[in-house]
Amino acid sequence: GRVAAVVPAAGSSERMGSVTPKQYIEVCGRPLVTYCLEALQSVEWMSRVVVVADDLARMREVVRGAALSKVTVIQGGGSRHRSIRVGVEALAAEEDPPDVVVVHDGARPIVPLHTLAQVVVMAQRHGAAGAVRSLVSTVVMPDAQDFLEESLVRSQYRNSEMPQAFRFGVLRDAYRKCSDEEADYGTECLALALRHCRVKAKLVPGTPQLWKVTEEKDLEVARALLPRLTR
Ligand code: C5P
């Protein structure tokens, strides 16, 4: 088992505006997080999946309900980086840690297999890799009074999506060097690999289905897309 996955699935989903954290919201009869766990579990060369949750009992129920034999649940939370860090340390503590680790969000129900395979191969070759998409809208930076400070040239940038993959030692060392302050500030693993391990991730163009469920309207998209993709 040389490839493992860490799935951050903690957090309170403030932007969703729901009482239930988004990872547990029912989509077509099943909790949202089930979809990506099943997708990862079904990949033959995926040896194991560590899902990081803040409500352990609830996540264990999801995993039991879907009979996900490769998935283990561990306690995380605080921030996305903190959640991934405990997942990576859980793998590091194993007798036989993986060679490559995939990171995929619990809030991204669709895992395109082609993209997943590509980021794993590119991570083996370059140390790190991640799926990206072209920007739909231009990114601007406001100053403290909400006046335009800077406007980026859209064609020169990408949105960083998931899945991402890393040589295991790269992600482990990146998180060991990541300060607590940093872990609460940023969200991007590729940035940590660059900053702390000087590994420049290979960016792989992904598909539109890689999107993350973030706001209420994303649930409607998920409800329309998922029945067509599963079974
Ligand atoms: O909040 P956002 O949509 O950026 O979260 C991306 C992913 O990170 C989600 O799958 C979420 O469950 C996870 N996360 C986490 N721990 C946090 C915050 C977010 O595992 N404290």
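1. Helix α7 spans residues 189-197, and its buried residues are Cys189, Leu190, Leu192 and Ala193. (Buried means 20 or more other C-beta atoms within 10 Å of the residue's own, with C-beta atoms placed from the backbone; helices are DSSP runs of H or I of at least four residues and strands are runs of E of at least two, numbered from the N terminus.) Looking down the axis of α7, these buried residues fall within an arc of 160°, so they line one face of the helix. The arc is taken over the directions from the helix axis to the C-beta atoms.

2. Please keep the source in mind. This is a predicted model, where local features need pLDDT of at least 70, side-chain atom pairs count only at pLDDT 80 or more, and totals for chains, interfaces and linings use all residues. Residues are numbered from 1 along each chain as its sequence is written.

3. What covers the buried residues of α7? The cover includes α3 (80-92), β6 (100-103), β7 (128-134), β10 (158-167) and α5 (168-177), with contact meaning C-beta atoms, placed from the backbone, within 7 Å.

4. Strand β6 deserves a look. Val100 and Val102 point one way, Val101 and Val103 the other, and all are buried. β6 pairs in the parallel sense with β1 (residues 3-8) over four bridges, pairing requiring at least two DSSP bridges. Val6 stands opposite Val103. β6 and β10 run antiparallel, joined by four bridges, and Val100 has Arg167 as its bridge partner.

5. Just after α7, Arg198 takes a positive phi of about 50°.

Notes. A residue is buried if 20 or more other C-beta atoms lie within 10 Å of its own, exposed if 12 or fewer, and partly exposed in between; C-beta atoms are placed from the backbone. Two residues are in contact if their C-beta atoms, placed from the backbone, lie within 7 Å.
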